Structures are given as C-alpha cells and as structure tokens.
Amino acid sequence: MNITKTDTTYDTLHKEFKERIDKLKKLPQMDRKHSIEEIIEENGFSRRDFMKWAGAITAMLSLPSTFTPLMAEAVKVADRLPIIWLHMAECTGCTESLLRSANPSIDSLIFNHVSLEYQETLMTASGWQAEENLENAIEKYKGRYILMVEGGIPSADTEHYLTIGGHGHTGKESAHHASEHAAAIFAIGTCSAFGGVQAAAPNPSNAVALSEITSKPVINVPGCPPSEKNIVGTLMHYLLYGTLPALDVYNRPKWAYRLRIHDLCERRGHFDAGEFVEQFGDEGAKDGFCLYKVGCKGPYTFNNCSKQKFNQGTSWPVQAGFGCIGCSEPNFWDTMGTVNEPLSNKLYHTTFGGLGADATADRIGLSLLTATAVGIAAHAAISAYKNPKE
Ligand code: SF4
Ligand code: SF4
C-alpha cells in the first residue's frame with residue numbers, strides 16, 4: 001500500500017483502511033472475556049466518549065472526520081497486533097505514565113486491550129520464565145509483532161552495564177535480536193529515541209539510541225515521557241496504514257512533531273507583545289505571561305503538547321506555569337542550557353553534527369532570537385512608559 005502516490009484520494013484511502021481492518025479481523029484474537037466497548041463502559045466512559053476519542057485521534061492523524069467510524073472499528077482489532085515492549089536503561093516513566101493512571105484514560109484502556117505479549121513491568125513472570133516468554137513471543141509472532149523499546153542502550157566497552165536475565169544477555173543484544181524479527185519498531189520516550197538522560201555527558205555507560213543498534217527503520221516517539229496520545233496515535237497509524245508515517249529528520253512522526261511548542265502555545269500572544277514572567281511568582285506569572293525569560297525552551301522544541309496535553313488532556317507544563325524543558329529534542333540535557341534560564345544567543349548542536357534539521361533549527365533559533373530581542377525590547381519600552389517614575 002503506497003499512500004504517498006499522488007492520485008490517492010480519501011475514498012481510496014478509506015477503502016484501503018477497510019481492507020486492512022478486514023485482514024486483521026481474520027487474525028487470531030486475544031482470548032478476552034470483554035470487548036473493548038465493554039472495558040471502556042466498565043471504566044465509566046460512554047459510547048459517546050469513545051466516539052469522541054476516536055474523532056480526536058482521527059483529527060490528530062490529519063484524517064477527515066468521515067474516518068471516525070473506521071477508527072473506532074480499527075480499535076476493536078488492535079488486539080490482533082502483537083506487541084513486545086522491552087525495557088532498557090531508563091526510569092520506567094514512559095510505561096508508568098501510560099498504564100499506571102489511577103483513573104485510566106481511553107488511551108491507556110486501549111493500550112491494555114492490545115496484545116501485549118511481553119512487558120516486564122506488567123507481566124508476572126520473572127527470571128528464566130520471563131526470558132522464555134520473550135523468546136516464545138518472538139518465535140510465535142516472527143515478522144508480525146510491533147517492537148516498542150523504552151530506555152537508552154549501553155554500548156561499547158560498557159555494554160554489559162545493562163545485563164538482563166539468567167542467560168546474561170546485554171540490553172543491546174536483546175534489543176537487536178528483537179528488532180531483527182519485528183514488523184515495525186517504535187522507540188518510546190527520549191531515552192530510546194535519542195539516548196536521553198543516560199546519554200547525557202559524560203555518558204558513563206555509552207548509552208545510545210535504539211536506532212544506533214539496528215539497521216531497520218525506527219519510529220521515534222520522544223518525550224520524557226511522551227504523551228499517551230502520541231504513543232497510541234503511532235500505534236493506530238500503523239494499524240490503519242500498515243506503513244511508516246511521514247517522519248521528520250529525527251524520525252519523529254510529522255503528524256505529532258512537525259510544529260514547535262512555541263507555534264501552538266497559549267502564551268504566544270504574550271511573547272509577541274513582549275510580556276514576560278521575570279521571576280516565578282511575580283505579577284506576570286499570575287497574569288499568565290510568557291515563560292521565555294524563566295527558561296522556556298518551547299521555541300526550540302517540536303511536539304504537540306499544548307494541543308494533546310497530559311493527564312487525560314487536563315494540562316501541560318506551560319499551562320501549569322513552568323516552561324518547556326525541550327524533552328523531545330535530541331540531547332536536550334546537554335544542549336538546552338539551564339532549566340530556568342533562556343538559551344540567550346546559544347545555538348545548540350544535535351546528534352547529526354550540524355546537518356539535516358540543524359540547519360532548520362539554527363535558522364529558527366536565529367530568527368527567533370531576533371524576535372525575542374524585539375519582544376523584550378518592546379516590553380522594556382512599555383514598562384518604562386507605564387512606570388515613568390521607576
Ligand atoms: S524518556 Fe523520560 S520518562 Fe521515559 S524512561 Fe526515559 S527518563 Fe523515564
Ligand atoms: S516561549 Fe514558551 S511560554 Fe513563551 S510563547 Fe513560547 S512556548 Fe509559550
């Protein structure tokens with residue numbers, strides 16, 4: 001199926017999705033007592049909530065609303081896609097944020113509904129039994145499963161810093177082995193996508209991104225943690241299309257990561273007006289002014305946080321009054337400066353050493369700094385006008 005061909009219309013796309021769903025329906029389904037509709041209802045959501053969710057995911061994937069019923073149908077067959085989820089060097093925050101909510105969202109319920117064949121945080125098996133389960137899952141679903149990996153991967157002469165299980169396989173060996181037989185590979189979270197905190201200088205375990213230990217294509221879903229919507233959206237995109245989504249230069253799905261935080265931010269009007277929080281707790285903070293001067297890295301960060309938000313869509317860091325820390329960008333621990341200070345005139349370098357998106361990022365950074373300088377100057381002028389005696 002080639003969805004990039006120019007004569008593809010929504011009608012043909014709809015037909016192709018339908019065919020794929022029908023094909024998936026024929027695959028063996030998980031032996032469940034309850035359907036996804038029943039699970040959703042048992043957790044206090046109505047059919048209307050479910051269709052609203054399906055509509056939101058449809059819109060997020062830039063599909064017209066006529067695809068909403070198809071999206072709802074696709075969710076029902078999501079349990080036909082086996083998933084193997086590996087943990088590398090990480091804090092498990094990505095798993096926790098998605099699955100351990102006291103009030104599960106529809107996203108997390110759907111993630112519970114899928115055929116999660118191996119997930120160390122959730123499964124009861126341990127030791128030899130766990131290793132056997134992993135091998136069995138890889139063997140049984142060879143070429144069919146989705147591999148999701150959370151965490152950076154120690155490499156080089158410190159590869160053994162991550163050694164798992166009775167056979168003493170390193171994390172790198174396990175991730176490489178599982179990658180070889182996967183139908184699709186998702187790096188979940190910034191650790192897996194770019195190395196994350198493990199790879200921050202001086203990187204004592206030589207941690208690397210998942211994409212550096214396999215030659216197969218990896219879809220990066222960064223964030224620390226990524227929003228549940230971006231994880232489930234990536235899954236639903238693969239389920240419907242059966243192919244890789246359009247990716248940016250850092251292999252992030254464009255439907256989620258094509259715009260800067262700054263472009264979608266609700267405080268953007270204050271930035272443009274030169275109205276900044278000067279320090280936490282001041283009048284500007286109470287008035288919801290822009291957080292650039294207290295360290296917001298939204299101008300340099302590509303993600304959809306302000307639209308999709310976290311905790312069932314209730315809020316996101318900037319709405320809560322704290323600047324973006326740039327967590328979905330490569331090497332943000334080393335390149336985004338001090339958390340509570342603006343980047344000023346610093347340009348940051350990425351794992352691509354100045355190539356590819358760096359050119360874009362540098363250009364954006366430079367033009368933005370000009371805008372910021374203008375904004376700050378305007379704010380200073382307004383302040384002086386309003387307070388001539390100060
Ligand atoms: S990306 Fe962040 S939340 Fe996820 S495992 Fe790494 S440190 Fe934890
Ligand atoms: S600098 Fe941060 S708070 Fe200000 S508009 Fe941009 S993203 Fe929003």
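**Entry 1: ligand 1**

I began with ligand 1, which has 13 residues around it, and Glu90, Gly93, Gly189, Cys191 and Cys224 come nearest. Here a residue counts as near a molecule if its C-beta atom, placed from the backbone, lies within 6 Å of it. Helix 5 (93-99) and helix 9 (190-194) are the elements that give two or more residues to this shell. Helices (H or I, at least four residues) and strands (E, at least two) are DSSP runs, numbered from the N terminus. I sorted the shell by class and found six nonpolar, five polar and two charged residues. In this sorting Ala, Val, Leu, Ile, Met, Phe, Trp, Tyr, Cys and Pro are nonpolar, Asp, Glu, Lys and Arg are charged, and the others, Gly among them, are polar.

A note to myself on the source: this is a predicted model, where local features need pLDDT of at least 70 and side-chain atom pairs count only at pLDDT 80 or more, while totals for chains, interfaces and linings use all residues. Residues are numbered from 1 along each chain as its sequence is written, and chains are lettered from A and ligands numbered from 1 in the order in which they are written.

**Entry 2: ligand 2**

Next I looked up ligand 2, with 15 residues around it; Cys265, Cys290, Tyr292, Cys296 and Gly298 come nearest. Two or more residues of the shell come from helix 12 (261-264) and from helix 13 (268-272). By class I read ten nonpolar, three polar and two charged residues.

Histidine 270 lies in helix 13. Is histidine 270 buried or exposed? It counts as buried, because it has 21 C-beta neighbours inside 10 Å. The cut-offs are 20 or more other C-beta atoms within 10 Å for buried, 12 or fewer for exposed, and partly exposed in between, with C-beta atoms placed from the backbone. Leaving out residues up to four places away in sequence, histidine 270 touches Glu275, Phe289 and Cys290; contact is C-beta atoms, placed from the backbone, within 7 Å. From histidine 270 to phenylalanine 289 I read 5.5 Å, C-alpha to C-alpha, across 19 residues of sequence.

**Entry 3: strand 1**

Six of the six residues of strand 1 are buried, so this strand is largely enclosed by the rest of the structure. Pro82, Ile84 and Leu86 are buried on one side, and Ile83, Trp85 and His87 on the other.

Strand 1 runs parallel to strand 2 (residues 115-119), joined by four bridges, and pairs with strand 3 in the parallel sense over five bridges. Strands pair if DSSP finds at least two bridges between them. Proline 82 has serine 115 as its bridge partner in strand 2, and leucine 86 has valine 149 in strand 3.

**Entry 4: the cores**

How many residues has the largest nonpolar core? It has 61, and Ile84, Ile110, Leu147, Val149, Phe186 and Ala187 have the most contacts inside it. Such a core is a set of buried Ala, Val, Leu, Ile, Met, Phe, Trp, Tyr and Cys residues joined through C-beta atoms within 7 Å. Helix 10 (residues 228-241) gives the largest share, six residues. A second, separate core has 24 residues, including Phe289, Tyr292, Cys296 and Tyr300.

Terms used. Two residues are in contact if their C-beta atoms, placed from the backbone, lie within 7 Å.
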